[in-house]
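Let's walk through this model together, helix by helix. Have the sequence and the 3D view ready as you read.

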Amino acid sequence: MAELGIGLVPCAPPGRGFLPAQIALAWVYAQAERLGVSVVPIPGTRHSERLDQNVASLDVELDDDALAQLQPLSDQVQGGRYADRGVR
């Protein structure tokens, strides 16, 4: 989430061991119901460990309270995926 300019996820379920990226992917999945469309995030990774973590994000269940806490964070996201220095 750092690449999106978001430094912390305050509603990460304590004691459940989910990573911020898993919470972010779970939020994206949850948008399908809210928007009434199919949503398929395609996170990039270079490491198989990260791929396993991304797949595990399917196990993250965000309730309405968690989604409400995340919404203000998503409203802060601006700009493209990469900063100019990150484009290859």
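Contact here means heavy atoms within 4.5 Å, and helices (H or I, at least four residues) are DSSP runs numbered from the N terminus. A residue is called buried under 20% relative accessible area, exposed over 50%, and partly exposed in between (1.4 Å probe, protein chains only). This is a predicted model, in which local features need pLDDT of at least 70 and side-chain atom pairs count only at pLDDT 80 or more, while totals for chains, interfaces and linings use all residues. Residues are numbered from 1 along each chain as its sequence is written, and side-chain values use heavy atoms, with hydrogens and water left out.

The buried residues of H3 pack against H1, and they are Ala66, Leu70, Leu73 and Ser74. Looking down the axis of H3, you will find these buried residues within an arc of 95° (taken from the directions from the helix axis to the C-beta atoms), so they line one face of the helix. An α-helix has 3.6 residues a turn, so residues three or four places apart point the same way. On the face of H3 turned away from the buried side sit the exposed residues Asp64, Asp65, Ala68 and Asp75.

How does H3 begin? Asp63 caps its N-terminal end, with a side-chain oxygen 3.2 Å from the backbone nitrogen of Asp65. The length of H3 also works out: its 12 residues should span 16 Å at 1.5 Å a residue, and the end C-alpha atoms are 17 Å apart, which agrees. The expected span is 1.5 Å times one less than the number of residues.

Just after H1, Gly36 takes a positive phi of about 75°.

Leaving aside residues up to four places away in sequence, Gln22 touches Gly17, Gln53, Ala56, Ser57 and Val60.

Finally, look for salt bridges, meaning a side-chain nitrogen of Lys or Arg within 4 Å of a carboxyl oxygen of Asp or Glu. The whole structure has one. Arg50 pairs with Glu49 in a salt bridge, their closest N and O atoms being 3.3 Å apart, and Arg50 counts as partly exposed because its relative accessibility is 41%.

How values were computed:
Helix = DSSP H or I, 4+ residues; strand = E, 2+ residues; numbered from the N terminus. Polar contact = N/O pair within 3.5 Å; in protein donor to acceptor, adjacent residues only side chain to side chain.
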